[in-house]
Amino acid sequence: MNSDCVTVNLEGDVAVISVNNPPVNTIDAAVRAGLSAAVAGIRARGGVAAVVLVCEGSTFFSGADIGEFAGPPKEADYRDLFRQLEQLPVPVVAGMHGVVMGGGLEVTLACHYRLAAPGTRFGLPEVTLGIIPGAGGTQRLPRLIGVEKTLDLILDARPVDVATALTLGIIDAEISGDVRKATVAFARALIHDRAGPRRTSERSVDPNTATGAIIDRLTQQAKSRYPNREAALTAIKAVSAAAKLPFEEGLLYETELVNGAKATAESKALVHVFFAERDTRKVPGLPADAKPRAIASGGVVGAGTMGGGIAICFANANLPVTILDTTQEALDRGLAFIGKTYDSMVKRGRMTTADKEQRMALIRGTLDYPDLANADVLIEAVFENLELKRKIFKTLDEVAKPGAVLATNTSTLDITHIAAATRRPQDVVGLHFFSPANVMPLLEVVRTDLTEPAVIRTALDLAKALRKTPVVARVCYGFIGNRMMEGYAREAERMVLEGAMPRQVDGALEEWGMAMGILAVFDMAGIDVGVNVHRANAERYPPDPAYYQADFALHAAGRLGQKNGKGYYKYLPGDRGRHDDPEAAEILRSTARQLNIPQRSHSAAEIVERCLYPLINEGIRILDEGVAARAGDVDVVWCAGYGFPRYRGGPLFYADTIGLKTVYDGISKYRDLFGPMHWQPAPLLTRLAAEGRTLAEWDKARN
Ligand code: NAD
């Protein structure tokens, strides 16, 4: 009854089923087959008084195999397996450790008793993948803890700790010492007490946990927490059915709902982003023998917003980092900002004061370049100015040790030019962090034609150490993210000059799913910051007199955004909200008059199309040019760095979802309305739309 990953050992009259499916004990087809054989073997052999289920390695079952989503439904397999397990005539005890998620937790609900080691975490994160628990979880868990608490757990989607699991009634006890021994000891005590099986499916749901008021509250919560999404509402349907349907009927209803959920665009998009994020580290064409260099310390040049955030990333990863600025004042300001960031984390209970001190001790300030000589990676984060950056790279070249990676955090400048200021352009790479650098998960790794493969691998390893999602891009203006931002921002600014209110533009984008409307983003980042980028890149901008003129006009009127309480919106002290501002509206109107821009009204659909189509169009160009290696990489950049809704899968996945023909026709419609300067369908879009193909198909055929 043993298989490659499932073994059964008899310890006296206790049968111990032990699973070992590294790295995280995913429940895949082999595990299911092994478990099924193990349960059948135990039943056939007789003489067993209790069964224990444990896993080897770092964790109990971490969850189901997400790779199986695309294949034929597996719910019947799970149903049968869990039924066999639950129907064993002797007590079945699960002993858990690690992170027990989704299907991993559902297995234990089919066991009769549940124990967990200290530090174990439990969760049902299915709605984050657009589905619902589909292995009996929606029917068994409410029989254990009620409908309301089950739905709280599912809708929250975040793991809970042992103490919470005990309070909720998900587990029976916390165990200490060796998990297997402790679970066997618990099973022996059950045998001694003649406890017998205790099947979850035979319990009934407490109707007080599923009143109309409770379901209404949860429905409201699901709608506001997961706007434009179905999965959370589907979970409410499935779980509340547990209070009405007999168990077996409930299971079939759950299967029907989960299979419906898997077929939604929401789930397909979320699963796409999940896998795309895993794939970004696979860089096509990178030689296998390109070995990453060791990174044990870092140096940062520029102690401003980004430099400070980057230094925090290093310290959080337990890597010592030296941060350099030109004056003591600038350095002190930077270090004070770092201290404040940690203070706020202590205040929010995210770390202890001792943690803060330990991390601050890893960050050293300096005014002298020789102090950077020992750093394995140096990241420049000074003002966005090519000549300044070239000067700094020349100095870094003089002081950095041989083999050090020299990186720039530039958002838009040509890294090839920066690298050319050194005698070692092969060691130069872009490491484009996003603001706030210690929070945002994205890291664009920008390679020039001369960047050595080993340096790219080192950057990917560094990203892992800093807990970032890296996406490799080739050099071009703005790389992947900011290059795509150009048309998106251009249209938003243009529409406010055509008479749309900032709130209307941002509102339409947010309702569609963007985390924050783009004009509110500008106010947050600083209108002056945007204007500096526009000025630095004026040469490459098209001959359009209205280009980014909303930014310029507000800036000229002294409106810098949140930092001085006025930008596209007005901000009031002590209030984080944004308010309409007639003064801003008047500035925009008078700018429009000077530029002869006709005033018109805008539907939400037009706002979304005019912002998103240029974004998608540029993403397609980026893909076609090989700036991004895969469509999924473009999607990850926008989901991880720009607040694009994951449930729409990223810009290129979304383009496939609505159809490339729709995007092509949309761009052509606006070209006919506004002229061809900004509205030319990308050649690859034109081709694929005509052929009726998707970007995913094109990408797959190419990679
Ligand atoms: P910032 O103005 O906050 O900080 C720049 C720092 O560099 C200042 O502390 C300044 O004193 C220091 N500095 C200037 N000249 C220097 C020199 N010669 N030697 C050492 N230090 C010097 O700017 P920031 O927002 O942190 O941006 C830094 C870089 O990061 C820019 O290239 C920017 O484009 C890029 N970036 C910014 C963001 C963002 O949202 N702020 C996001 C991604 C990338």
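**Entry 1**

Which residues in α11 meet which residues in α25? I found H272, V273, A276 and E277 in α11 against G632, D635, V636, C639 and A640 in α25. Contact here means heavy atoms within 4.5 Å. The residues of this contact divide into 5 nonpolar, 2 polar and 2 charged.

Before going on, I noted the ground rules. This is a predicted model, in which local features need pLDDT of at least 70 and side-chain atom pairs count only at pLDDT 80 or more, while totals for chains, interfaces and linings use all residues. Residues are numbered from 1 along each chain as its sequence is written, and side-chain values use heavy atoms, with hydrogens and water left out. Helices (H or I, at least four residues) and strands (E, at least two) are DSSP runs, numbered from the N terminus.

Two packed helices are described by the angle between their axes and the distance between the axes. Helix α11 covers residues 265-279 and helix α25 covers residues 631-641; they pack at about 105°, with axes 9 Å apart. The axes are lines fitted to C-alpha atoms, for helices over the stretch in contact, and angles run from 0 to 180 degrees between N-to-C directions. The two helices are therefore roughly perpendicular to each other, a label for angles of 65 to 115 degrees.

**Entry 1: the sheet of 6 strands**

Next I traced an open sheet in the order β1-β2-β4-β6-β8-β10, with mixed pairing. β1 (6-11) and β10 (173-174) stand at the edges with a single partner strand each, so one side of each has no neighbour in the sheet. Two strands pair if DSSP finds at least two bridges between them.

β1 runs antiparallel to β2 (residues 14-19), with 6 bridges, and N9 stands opposite V16. The two form a hairpin with 2 residues between them, and G12 in the turn has a positive phi of about 65°. Further along, β6 (residues 92-96) and β8 (residues 113-116) pair in the parallel sense over 4 bridges. There I saw M96 opposite A116 in β8.

**Entry 2: around the ligand**

Of the 24 residues around the ligand, M306, D325, E384, K389 and S411 come nearest; a residue is counted if one of its heavy atoms lies within 4 Å. I then checked polar contacts, which are pairs of N or O atoms within 3.5 Å. A backbone N or O atom of M306 is 2.8 Å from a ligand oxygen. For T305, a polar backbone atom is 3.0 Å from a ligand oxygen. N409 uses a side-chain N or O atom, 2.9 Å from an oxygen of the ligand.

Most residues other than glycine have a negative phi, and most peptide bonds are trans. P22 and P23 are joined by a cis peptide bond, omega about 0°, with P23 in the loop between β2 and β3. S435 and P436 are also joined by a cis bond, omega about -10°, and P436 is in the loop between β16 and β17. Lastly, R194 is not a glycine, yet has a positive phi of about 50°; I found R194 in the loop between α7 and α8.

Technical notes. Parallel < 35°, antiparallel > 145°, perpendicular 65-115°, else oblique. Nonpolar A, V, L, I, M, F, W, Y, C, P; charged D, E, K, R; others polar. Polar contact = N/O pair within 3.5 Å; in protein donor to acceptor, adjacent residues only side chain to side chain.
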